[in-house]
There are 2 protein chains.
Amino acid sequence: MAKQGKASLKFENAPGIIASACVAGEKEGEGPLGEMIDEIIVDPMAGKNTWEEAESELQKRAAEHALEKAGLPVGRIRYLFAGDLLGQSIASTFGLMKFNVPLFGLYGACSTMGESLSLGASFVNAGYADNVMCVTSSHFASAEKQFRFPLDYGNQRPFAATWTVTGSGAVILSQDGGNVCIKGVTTGKIVDYGIRDSMNMGAAMAPAAADVIYRNFLDFGVDGSYYDHIVTGDLGEVGQRALLDLLQKKNFDISEQHLDCGLMIYNGEEQDTHAGGSGCGCAAVTLCAALLKKLEQKEWRRILFVPTGALLSPTSFNEGQNIPGIAHAVIIERR
Amino acid sequence: MAKQGKASLKFENAPGIIASACVAGEKEGEGPLGEMIDEIIVDPMAGKNTWEEAESELQKRAAEHALEKAGLPVGRIRYLFAGDLLGQSIASTFGLMKFNVPLFGLYGACSTMGESLSLGASFVNAGYADNVMCVTSSHFASAEKQFRFPLDYGNQRPFAATWTVTGSGAVILSQDGGNVCIKGVTTGKIVDYGIRDSMNMGAAMAPAAADVIYRNFLDFGVDGSYYDHIVTGDLGEVGQRALLDLLQKKNFDISEQHLDCGLMIYNGEEQDTHAGGSGCGCAAVTLCAALLKKLEQKEWRRILFVPTGALLSPTSFNEGQNIPGIAHAVIIERR
């Protein structure tokens, strides 16, 4: 029995993270995590003809790096759990096709790395697979084209807006090995606070992050001090303030533990990224470049990794729908 | 250990299907399955302002009917596994939000019902949940708007084109109960045969269906005769011929067992639906309206349910990419 509380699973055979890798673009390479990224792809087209193909190439390369680090042929990966931000998840389809591995396609917006790790770890813990790979990506240009304005407009961005990370992360989970493992997960619900501003996604996602962190605390009977850090995906500065306030109202103060991948991946002021980084790639790259290394190198013992997603499409946004959020929490700790 | 062969799981604690329900539009109501559909929603807008909201309403109502049939309050559902065809899965987001249940968002194109049943059954079999609900939908008008041409153009449709089903199906899986259960699953890979014609999706999906059925036979050591029927999602007439040919080349003849939801849901000639029905809702409605009833009423003992998806987006299609396919196979049998 792995059920824990109302929305969580606790893994008895905690799946190990036996390898992880990330690739990213030039801007991310110039940021604070640059030196820890496995490959910087300076060409925004990654040698391809379209931004979407470029994003697929990021996924392919991240997965290849992870396989190489794990020393596993791709045939040893039983399942892929993957998704991205683009309509009909085409970055994943065309990026991962060549691996010829059974695939569960996911859509969790920018929470996808949390969703894929949750499902992948659940499968490995249950004995359904020896090894699985969890992959996601985003690309600044393909996301702007999909969700906002053509880049050629050169439109101004408000300070609450985030900057979509060009990058991909891949994590291989295994029944055996790995100094760092996934101990449990808390699965998020869709939370709608009536936000309608696609230039302020942090505010849209913060309630979902607060909800899943709160449920994680209740389900495991812990508070913020149980974790060295609680790391959200891409709330940015505006979303961070909202998150801390919302949890404070439930009598949990996580101001000492809280980090946000969106605030870690760029030097905000120098790089003109406004409220921070965002996109599926933001949490994925930060996890693989920095967070897992802190755990492996024994600087940290345990984190709660909470990728955050804003559930909108260009259609729903233009039709005046709200932007609900979702977030998935993953307990990652040193063995 | 539930692993079976290279791409399959066999469930020791086979999750029971304790309830299922479907809703559909007027055209589906006039088809051969009409009387078995739980609710026909004649208004294509389902009382809403947009086609996308209408599709969300279909999901909401299918889920409500399933809960009512199961006699379960929604609080007893631990996880939702859901997705749809629209960019960023907005039909699911806005349709299922009100249930306030932890959600794994999926994208498998029209194979989504197979993917959601596969993941849902895996979770229940592992003891991760007492009850889960698997939901998907499609809507003729929201899909045409998303993938093809504005309806107002009144463009002609080639005979190889299918007709997207307006409908939604919801299935509740449980650790206890249910005369019909999910005995195992085979998870599909992305298969690309170089098809580029979005008006001939059957041809794009048939190779993926053939691949997953072939793997199912190998993994379980069976052939077509093991099943009363092998029921693909929405290959239509053109895809059916391709599927039978492809399996024949691997020395498996399933011509006696094969059925296709796309060929069951409409009276093709009378209803002018050309090659058949398609969409996530096609397999979902046919499963809930007809297939599960045949099993429950002991007409059939065991089927292989194989929803089929075409992995394209308007962007990938317009950029000249191929249309790869994916299919997920689910063994459903009477206890």
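**Interface.** I started with the area: chain B and chain A bury about 5,100 Å² between them, 60% of it on carbon and sulfur atoms. Buried area here is the accessible area (1.4 Å probe) that two parts lose on being put together, summed over both.

Housekeeping before I go on: this is a predicted model, so local features need pLDDT of at least 70 and side-chain atom pairs count only at pLDDT 80 or more, while totals for chains, interfaces and linings use all residues. Residues are numbered from 1 along each chain as its sequence is written, chains are lettered from A and ligands numbered from 1 in the order in which they are written, and side-chain values use heavy atoms, with hydrogens and water left out.

I looked up the contacts next (heavy atoms within 4.5 Å): 65 residues of chain B touch 65 residues of chain A. The rule also finds 29 residue pairs in polar contact across this interface, both at pLDDT 80 or more. A polar contact is a pair of N or O atoms within 3.5 Å; within protein, one must be able to donate a hydrogen and the other to accept it, and residues adjacent in sequence count only if both atoms are side-chain atoms. On the chain B side, H4(B) gives the most, with six residues touching chain A. Helices (H or I, at least four residues) and strands (E, at least two) are DSSP runs, numbered from the N terminus.

**Symmetry.** I superposed chain B on chain A: a rotation of 180 degrees with 0.0 Å of shift along its axis does it, RMSD 0.0 Å. That is the relation of a two-fold axis. The same surface serves both copies, as 100% of the contact residues of chain B recur in chain A.

**Salt bridges.** My cut-off is a side-chain nitrogen of Lys or Arg within 4 Å of a carboxyl oxygen of Asp or Glu. Which residue of chain B does Lys145(A) bridge to? Glu319(B), with the closest N and O atoms 2.9 Å apart. Lys145(A) also bridges to Glu52(A), at 3.1 Å. Lys145(A) lies in helix H5 (residues 140-147) and Glu52(A) in helix H2 (residues 51-70) of chain A, so this pair ties together parts that are 93 residues apart in sequence. Lys145(A) is partly exposed at 41% relative accessibility, whereas Glu52(A) is buried at 5%. (Buried is under 20% relative accessible area, exposed over 50%, partly exposed in between; 1.4 Å probe, protein chains only.)

**Core.** I checked the largest nonpolar core, which has 102 residues; Phe305(A) and Phe305(B) touch the most other members. Such a core is a set of buried Ala, Val, Leu, Ile, Met, Phe, Trp, Tyr and Cys residues joined through side-chain atoms within 4.5 Å. Not counting residues up to four places away in sequence, Phe305(B) touches Met113(B) and Leu117(B), among others.

Ser116(B) sits in helix H4 (residues 112-125) of chain B and is buried, at 0%. Ala109(B), in the loop between strand E6 (103-105) and H4 of chain B, has a positive phi of about 50 degrees without being a glycine. Gln88(A) is another non-glycine with positive phi, about 60 degrees, and is buried at 3%.

Key. Copies are superposed by least squares on the C-alpha atoms of residues with pLDDT of at least 70 in both.
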